[in-house]
Amino acid sequence: MLSEEELKEIQEEIKQYPYPAVACIDALKIVQHHRGWVSDESVKDIAQLLSISNEEVDGVGTFYSRIYRKPVGRNVILICDSVSCMIMGYESLYEHISKKLGISFGGTTSDGRFTLLPISCLGDCDNAPALMINNDHFNRITVEKIDELLKRYK
Amino acid sequence: MEIPLTKNIKPGLVAYNLEDYRRDSGYSSLLKVLKNMSPAEVTNLVKASNLLGRGGAGFPTGVKWSLIPMDGDRSKQKYLICNADEMEPGAFKDRYLLEGNPHQLIEGMIISAYAIQASKAYIFLRWAYKKAEAGLRKAIDEAYKAGYLGKNILGSGFDLDLYVHSSAGRYICGEETALLNSLEGKRAVPRTKPPFPAISGLFGKPTVVNNVETLSWISHIIENGADWFKGLSLTGTGGTKLYGASGRVKKPGIWELPLGTTMRELLEDHAGGMVDGHKFRGALPGGISTDFLIEEHLDVKMDFSTVAAAGSRLGTGTMIILDDKTCPVAFIHNVERFFALESCGWCTPCREGLPWVEKMLASIEEGSGKMEYIDLLKFNAKYMGPGNTFCAHAPGAAEPLQSGLKYFHDDFVKHITDKKCPWR
């Protein structure tokens with residue numbers, strides 16, 4: 001069931017649109033903001049609220065790369081794997097993080113602290129390689145820097 | 001040399017606020033428009049300036065606006081959308097403008113909305129641009145409080161509401177009609193054209209979609225006129241351009257320079273040349289959906305028509321440099337993998353062709369490629385090209401592939417005959 005807070009926030013979005021289904025992406029983002037990811041149950045709840053089918057909501061939810069349909073860790077590391085970051089060595093950065101945390105792309109550490117994902121270009125190409133941890137941007141990342149950085153996220 | 005778009009942007013510092021913007025004559029163009037100009041006069045001025053769309057395609061902005069039906073019925077809903085979904089790998093110019101001077105964009109949007117008589121406008125913003133989002137929301141708030149947005153703007157009778165829509169990822173959202181579907185809460189698949197958005201856009205209503213850099217020009221063109229704008233470029237096309245360079249150059253970055261500056265000047269004077277021990281082998285001049293240019297093209301003027309004549313596209317104007325220590329096959333594989341992952345899956349050449357291309361490139365790079373793959377890659381590049389697909393995604397993917405196969409043919413062959421990547 002959607003929480004009262006989630007309901008209120010989704011209703012607020014619906015108000016600015018001509019019909020409720022338009023708020024589908026907003027609703028998915030709101031639920032994810034509160035729960036970390038979007039479960040099958042939440043998909044059904046959103047569908048009911050917006051008067052569209054479960055499949056439509058799931059179709060939208062699985063289309064967009066920033067909607068998580070599986071649980072993720074408390075912190076999500078997004079490493080840019082696009083071409084400017086490739087030239088500037090994202091691969092060695094990835095190998096270091098992967099080895100340090102014991103997970104590959106798509107994996108979550110057993111303590112639920114980190115999920116590691118690739119991300120396309122972050123618009124930081126002149127300061128490559130770049131990555132994001134949750135909503136924070138970091139650039140000109142080196143293997144030494146990353147160790148310090150990861151300590152900040154519990 | 002004039003740099004109207006970036007003169008007030010101080011990299012690394014907080015965005016220019018309303019007070020500073022107004023001190024530097026910000027919102028004076030809006031006042032001028034609302035007091036003295038009709039919507040048609042604004043559109044005609046932008047038409048006369050020959051402002052070409054800075055999102056990559058270079059379509060004349062004033063012409064785009066003039067396609068909107070203006071039958072005088074103001075009760076008819078129309079929309080203006082700013083495409084701020086900058087996701088082209090290698091592009092980072094809109095982010096610079098969004099973070100550095102949000103009011104310049106907002107003023108441009110209000111004037112543009114007035115020209116087409118739209119009462120609602122959206123900024124479709126890339127989800128990852130968190131700093132830009134915070135700055136925009138603050139600036140929009142300031143603009144409402146100052147009476148530049150909302151009902152009866154500055155007593156003119158013109159109303160405009162402006163919203164920020166932060167996306168949920170996916171490169172295809174930058175495609176004009178896919179963006180409209182996404183804004184309507186659907187999967188971001190492109191729509192059939194015609195009808196064009198000017199006739200049937202957001203929620204089926206007349207809609208204009210313009211890029212951040214394009215809209216950021218509007219207040220300056222109103223203030224200084226069409227001839228001034230044309231005089232800013234070296235080629236007569238009009239305006240300056242935000243150019244950028246990334247890769248193994250000494251000073252990667254972004255620069256506002258006259259449209260038509262040569263690639264050599266960008267590379268040598270502004271990017272500081274190649275990092276010591278690295279040689280220039282080629283560049284994608286405007287993001288990954290543009291054809292490679294190589295050493296023989298260094299004196300090409302970076303303008304829409306001149307880059308096209310050299311066999312590529314100006315695109316976003318932000319170059320990605322390929323150096324001799326980077327494997328061209330790995331470079332192209334990385335690019336095609338991106339396109340394969342980001343295909344929306346709607347039409348066959350893109351959905352089936354791109355993963356096929358990606359797999360062949362991966363096996364060539366790993367040393368298990370076959371000689372016949374080269375012809376198969378050319379075959380796919382042809383069938384992903386213009387006219388065979390629903391939108392520009394697969395044709396964009398074909399550009400670095402076809403030109404890469406042409407200019408780096410020997411490197412592909414060497415991978416296959418040696419059964420390994422010479423760079424690994």
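Colleague: Into which domains is chain A divided?

Modeller: The model is a predicted one. Chain A is split into domain 1, covering 4-63, and domain 2, covering 75-151. Taken over C-alpha atoms, the centres of domain 1 of chain A and domain 2 of chain A are separated by 29 Å. The C-alpha trace of chain A spans about 50 × 35 × 25 Å along its principal axes.

Colleague: What is the mean pLDDT of chain A, and where is confidence lowest and highest?

Modeller: Chain A has an average pLDDT of 96, and 100% of its residues score at least 70. Within chain A, helix 7 (residues 143-151) has the lowest confidence, with a mean of 93, whereas helix 3 (residues 40-50) has the highest, at 98.

Colleague: How many helices and strands does chain A have, and in which order do the elements run?

Modeller: There are seven helices and four strands in chain A. Read from the N terminus, the order of its elements is α-α-α-α-β-α-α-β-β-β-α. Among contacts in chain A with a separation of 6 or more, 55% are between residues 24 or more positions apart.

Colleague: In which order do the strands of the chain A sheet lie, and which strands stand at the edges?

Modeller: The sheet of chain A is open, with four strands in the order 2-1-3-4 and mixed pairing. Strand 2 (114-119) and strand 4 (136-138) of chain A are the edge strands, each pairing on one side only. On average, neighbouring strands of this sheet are turned by 20 degrees against each other, direction ignored.

Colleague: Which strands does strand 1 of chain A pair with, and in what direction?

Modeller: Strand 1 (residues 75-80) of chain A runs parallel to strand 2 of chain A, and six bridges join them. Strand 1 of chain A runs antiparallel to strand 3 (residues 131-133) of chain A, with three bridges between them. Leu78(A) illustrates both pairings: it stands opposite Leu117(A) in strand 2 of chain A, and its bridge partner in strand 3 of chain A is Met132(A). Ile79(A) has Pro118(A) as its bridge partner in strand 2 of chain A.

Colleague: Why is strand 1 of chain A described as largely enclosed?

Modeller: Burial is judged by counting neighbours, and a residue is buried if 20 or more other C-beta atoms lie within 10 Å of its own. Strand 1 of chain A is largely enclosed by the rest of the structure because five of its six residues are buried. Helix 6 (residues 90-101) of chain A lies across strand 1 and strand 2 of chain A, at about 155 degrees to strand 1.

Colleague: What is the pairing in the sheet of chain B, and why does one side of strand 3 and of strand 4 lack a neighbour?

Modeller: In chain B, four strands form an open sheet in the order 3-2-1-4, and the pairing is parallel. Strand 3 and strand 4 (207-211) of chain B each have a single partner strand, so one side of each has no neighbour in the sheet. Strand 2 (residues 120-125) of chain B is joined to strand 3 of chain B by six bridges; Phe124(B), for instance, has His165(B) as its bridge partner in strand 3. Helix 6 (residues 102-116) of chain B packs on this sheet and touches strand 1 (79-84), strand 2, strand 3 and strand 4 of chain B. Helix 9 (residues 212-224) of chain B also packs on the sheet, touching strand 1 and strand 4 of chain B, with its direction at about 95 degrees to that of strand 4.

Colleague: Why does Asp159(B) count as partly exposed, and where does it lie?

Modeller: Asp159(B) counts as partly exposed because it has 15 C-beta neighbours inside 10 Å. Asp159(B) sits in the loop between helix 7 (130-145) and strand 3 (161-166) of chain B. Setting aside neighbours within four places in sequence, Asp159(B) is in contact with Ser119(B), Lys151(B), Asn152(B) and Ile153(B).

Colleague: How many residues does each chain bring to the contact, and which helix of chain A gives the most?

Modeller: The size of an interface is often given as the accessible area lost when the parts come together. Here one may count residues: 30 from chain A and 37 from chain B. Helix 5 of chain A gives the most to the side of chain A that touches chain B, with four residues. By class, that side of chain A has 18 nonpolar, eight polar and four charged residues.

Conventions: Residues numbered from 1 in each chain as written. Chains lettered and ligands numbered in written order. Predicted model: local features only at pLDDT ≥ 70, side-chain atom pairs only at ≥ 80, totals over all residues. Helix = DSSP H or I, 4+ residues; strand = E, 2+ residues; numbered from the N terminus. Buried ≥ 20, exposed ≤ 12 C-beta atoms within 10 Å, placed from the backbone. Contact = placed C-beta atoms within 7 Å. pLDDT = per-residue confidence, 0-100. Domains from an automatic or database assignment. Nonpolar A, V, L, I, M, F, W, Y, C, P; charged D, E, K, R; others polar. Pairing = 2+ DSSP bridges. Axes fitted to C-alpha atoms, helices over the stretch in contact; angles between N-to-C directions.
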